[in-house]
Amino acid sequence: MSYLDNFITRMMAQRTCIDLSRDLIRDVEGPILEFGLGHGRTYDHILQTFPDRDVYVFEKVVSPNVFVRPPEALLFEGDIHETVKTAAARLPRKAAMAHSDLGLRDRDGAVPIVASIIEYLPGLIAPGGLYISNTDISLVHGKVPPAYTELDTPEVPKGRYFIYRLA
Ligand code: SAM
């Protein structure tokens, strides 16, 4: 697979998962959380997919080149390793979904961040809500934690993106 193939596969997997989530959280109320704004491509797709929901963004440093900048009131700026720990106090209610694309390529660097996210996410996501991530959360404990169930998504290339339902 060329770098171009790899990039296109990743983009398509992201879009497929976000599109699938529309039905998967139809009955779960609450805002959406976006982890990693980058240029705002997936953020914009989420905004268009869920026009009636607030979308809160967690980003270390907002790029000056971002296509769509989130309103300050919906932005958690800083390292998600820390911001995820106290986010519940700022959210008006539990969220229906979190989508994570933090660009975590190196496994050792990813472990502490993913560990923090999966520890605090059950306090941020409503029962039946989703966690969509390009990182397999079983890399932290060697298995998917009991609060999460991995959904079978044949539409998504295996190992590229993961959708978990929270208990
Ligand atoms: N999904 C985005 C898009 O469609 O444009 C691309 C996201 S980009 C691959 C990853 C983003 O995650 C970067 O903006 C980076 O600053 C952010 N990020 C990486 N590690 C982070 C951390 N520990 N806390 C908060 N943001 C982080």
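Let's start with strand β7, which spans residues 162-166 and is mostly covered, with four of its five residues buried. Buried here means under 20% relative accessible area. Keep in mind as we go that this is a predicted model.

What does β7 pair with? One partner is strand β5, residues 125-133, which meets β7 in the antiparallel sense over four bridges. To get your bearings on that side, find Y131: across from it in β7 stands Y164. Another partner is strand β6, a run covering residues 148-150, and here three bridges make the link to β7, again with the strands running antiparallel. On this side, look for T149, which has R165 of β7 opposite it. So much for the strands.

Now turn to the ligand. Where does it sit? The space it takes up is the largest pocket. Around the ligand there are 17 residues, and the ones that come nearest are T42, E59, D79, I80 and D101.

E59 puts a polar side-chain atom 2.5 Å from an oxygen atom of the ligand. D101 also uses its side chain, with a polar atom 2.7 Å from a ligand nitrogen atom. How much of the ligand's surface does the protein bury? On its own the ligand would expose 610 Å², and the protein buries 83% of that.

Conventions
Residues numbered from 1 in each chain as written. Predicted model: local features only at pLDDT ≥ 70, side-chain atom pairs only at ≥ 80, totals over all residues. Heavy atoms only, no water. Buried < 20%, exposed > 50% of the residue type's maximum accessible area, 1.4 Å probe, protein only. Helix = DSSP H or I, 4+ residues; strand = E, 2+ residues; numbered from the N terminus. Pairing = 2+ DSSP bridges. Near = heavy atom within 4 Å. Polar contact = N/O pair within 3.5 Å; in protein donor to acceptor, adjacent residues only side chain to side chain. Areas by Shrake-Rupley, 256 points an atom, 1.4 Å probe, with all protein chains shown as cover. 1 Å grid on protein atoms, 1.4 Å probe; cavity = no way out; pocket = protein on both sides within 12 Å on 5 of 7 lines; lining within 4 Å. Sits in = over half its atoms within 2 Å of the grid points.
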